[in-house]
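Please examine the model below with attention to its nonpolar packing and its charged pairs.

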Amino acid sequence: MNKGLPIVISAPSGCGKDTILEQLYKKNQNLVQSVSATTRAIREGETDGVSYHFTTVEAFEKMIENGDVLEYTSYCGNYYGTPKKAVTDLLAQGKDVILKIEVEGAMNIKKIFPECVLIFILPPSISELERRLRKRGTETEETIAARTAQARNELEFADKFDYLVVNGDLDKAVDDVNAVILAEKMKAERNAALLEEIKRS
């Protein structure tokens with residue numbers, strides 16, 4: 001059995017990465033999303049081990065100390081990070097693991113898993129991104145301006161990714177991301193064992 005493929009998906013807020021992934025999981029049954037760990041309190045409707053792995057600050061800092069997190073960040077006084085063992089176990093089972101991570105974390109993942117595929121989701125334009133954020137109806141103008149400025153910063157990292165996918169049309173964006181994953185899975189260097197097996201048959 002071939003080892004699974006680590007796939008990093010990054011995008012500025014408002015680019016629709018969650019919606020793309022929701023559709024992608026229906027299309028590609030071998031994909032699983034890694035579940036992040038956090039020290040924030042569990043919210044109504046969330047399930048431990050599904051929404052997040054909820055843990056204490058002490059336990060999280062111990063994980064950092066032991067090198068048990070692939071990447072982590074601190075936000076509003078809470079830690080968020082990707083537990084290493086959960087990801088490596090899934091990869092060993094042949095599952096392709098989606099890591100939904102911000103751009104700087106993506107660069108760290110590439111150092112740990114050089115074989116990973118980095119996919120950056122782009123908005124059709126900054127003005128369209130602003131329109132989408134406004135359409136949510138949950139953001140103040142100040143927050144929209146901050147998120148737009150953050151998006152511009154994140155776009156500076158986009159050329160360090162392997163693939164850029166524009167989310168102008170949802171169905172096309174889902175198909176594009178899936179096509180990237182399928183093509184990567186068929187690369188010759190990822191299928192050396194299969195080739196040898198066929199040669200011997």
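Predicted model: local features only at pLDDT ≥ 70, side-chain atom pairs only at ≥ 80, totals over all residues.

Q: How many residues does the largest nonpolar core have?
A: A nonpolar core is a set of buried Ala, Val, Leu, Ile, Met, Phe, Trp, Tyr and Cys residues joined through side-chain atoms within 4.5 Å. Buried means under 20% relative accessible area, exposed over 50%, and partly exposed in between (1.4 Å probe, protein chains only). Here the largest core has 23 residues, and Ile 7, Ile 9, Leu 24, Ile 119, Ile 121 and Val 177 have the most contacts inside it.

Q: Which elements each supply at least two residues of this core?
A: Helices (H or I, at least four residues) and strands (E, at least two) are DSSP runs, numbered from the N terminus. Strands E1 (6-10) and E8 (117-122) do so, as do helices H1 (17-27), H5 (126-136), H6 (141-155) and H7 (170-185). H7 gives the most, with 5 residues. A second, separate core of 19 residues includes Val 32, Ile 101, Ala 106 and Leu 118.

Q: How many salt bridges are there?
A: Side chains of opposite charge can pair when their charged atoms come close. A salt bridge is a side-chain nitrogen of Lys or Arg within 4 Å of a carboxyl oxygen of Asp or Glu. By this rule the count is 16. One of them joins Lys 3 and Glu 115 at 3.5 Å, N to O. Lys 3 lies in the segment before E1 and Glu 115 in the loop between helix H4 (103-112) and E8, so this pair ties together parts 112 residues apart in sequence.

Q: How far apart in helix H8 are Glu 196 and Lys 199?
A: They are 3 residues apart in H8 (residues 192-200), and therefore separated by about one helical turn. Glu 196 is partly exposed at 37%, and Lys 199 is exposed at 57%.

Q: Is Arg 132 buried or exposed?
A: Arg 132, in helix H5, counts as buried because its relative accessibility is 19%. Arg 132 is also linked with Glu 128 and Arg 131 in a network of salt bridges.

Definitions and conventions
Residues numbered from 1 in each chain as written. Heavy atoms only, no water.
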